[in-house]
Amino acid sequence: MIPTEIKGFLFDLDGVLVDTAVFHFQAWRRLANSLGFDFTEKENEQLKGVSRVRSLQLILQWAGVEKSEAEQEELASQKNTWYLELVHQMKKGDTLPGAEEFLQRSRDLGYLIALGSASKNARLILEKTGILSYFDAIIDGNEVSKSKPDPEVFLKGAEALGLSPQQCLVFEDAQAGIDAALAGGMRAIGIGDLAHLHGGLTVVESLREVLL
Ligand code: G6P
Ligand code: MG
């Protein structure tokens, strides 16, 4: 199933390896509700893979609410506090179906492994769930200046592994992430719901379905 030229895997984090996409949604809704509005699960799809500040701006835009830059910073920080309350409950083994087995098997077969996530909390989550040691390189929200669908995060991941984009395969649950991979000249496998992911790629429910 994996083409022979592929030497490395680039994993998104939230929604691919761990179920934190749900925590992001809960924390953003809590913030929206505290401001007196709400947003839908369908709208939430547009927040996946998108940076913290950009996500807030989209939520405010949907509600037709304007906030100053200072207020936006405060609101994003409040959301992160609520998000981290949920993250801190995570423990070793709290990974999505098949994720840890897939990482282990990838290592055994000699594939290089990098993280390509927009999250500034990525390292903490990898540590808490016990999968940090599988990674040869970690590119997260602290290393990138451009949000997916810009390919920066994956291009940096490929570079950190010493591979060309053509030698990398990206695993993503967000359309913005799939678009980022394709824009970087990489192949991608979608994780999740086919209805939400486009781009002529393979979509599977979880890493359990990807055969190595
Ligand atoms: C990932 C998630 C997004 C999140 C972003 C920033 O890309 O899919 O929903 O907004 O990371 O995460 P952070 O943990 O830094 O707020
Ligand atoms: Mg994701």
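A polar contact is a pair of N or O atoms within 3.5 Å; within protein, one must be able to donate a hydrogen and the other to accept it, and residues adjacent in sequence count only if both atoms are side-chain atoms. This is a predicted model, in which local features need pLDDT of at least 70, side-chain atom pairs count only at pLDDT 80 or more, and totals for chains, interfaces and linings use all residues. Residues are numbered from 1 along each chain as its sequence is written, and side-chain values use heavy atoms, without hydrogens and water.

Start at ligand 1. A polar side-chain atom of Arg52 sits 2.7 Å from an oxygen atom of ligand 1. Asn121 also places a polar side-chain atom 2.7 Å from a ligand 1 oxygen. Gly49 uses a backbone N or O atom instead, 2.8 Å from an oxygen atom of ligand 1. The protein covers 97% of the 390 Å² of accessible area that ligand 1 has on its own (Shrake-Rupley method, 1.4 Å probe).

Now turn to the magnesium ion, ligand 2. Its donors are Asp12 (OD), Asp14 (O) and Asp173 (OD), at 2.0 to 2.1 Å. Donors are N, O and S atoms within 2.8 Å of the metal (3.2 Å for Na, K and Ca); water is not among the atoms, so sites may look incomplete. Asp14 lies in the loop between β1 (8-11) and α1 (20-34), and Asp173 in the loop between β4 (168-172) and α8 (175-183), so the pair ties together parts that are 159 residues apart in sequence. Helices (H or I, at least four residues) and strands (E, at least two) are DSSP runs, numbered from the N terminus.

Are Asp14 and Asp173 buried or exposed? Asp14 is buried, at 12% relative accessible area. Asp173 is buried too, at 9%. Buried means under 20% relative accessible area, exposed over 50%, partly exposed in between (1.4 Å probe, protein chains only).

Notes
Chains lettered and ligands numbered in written order.
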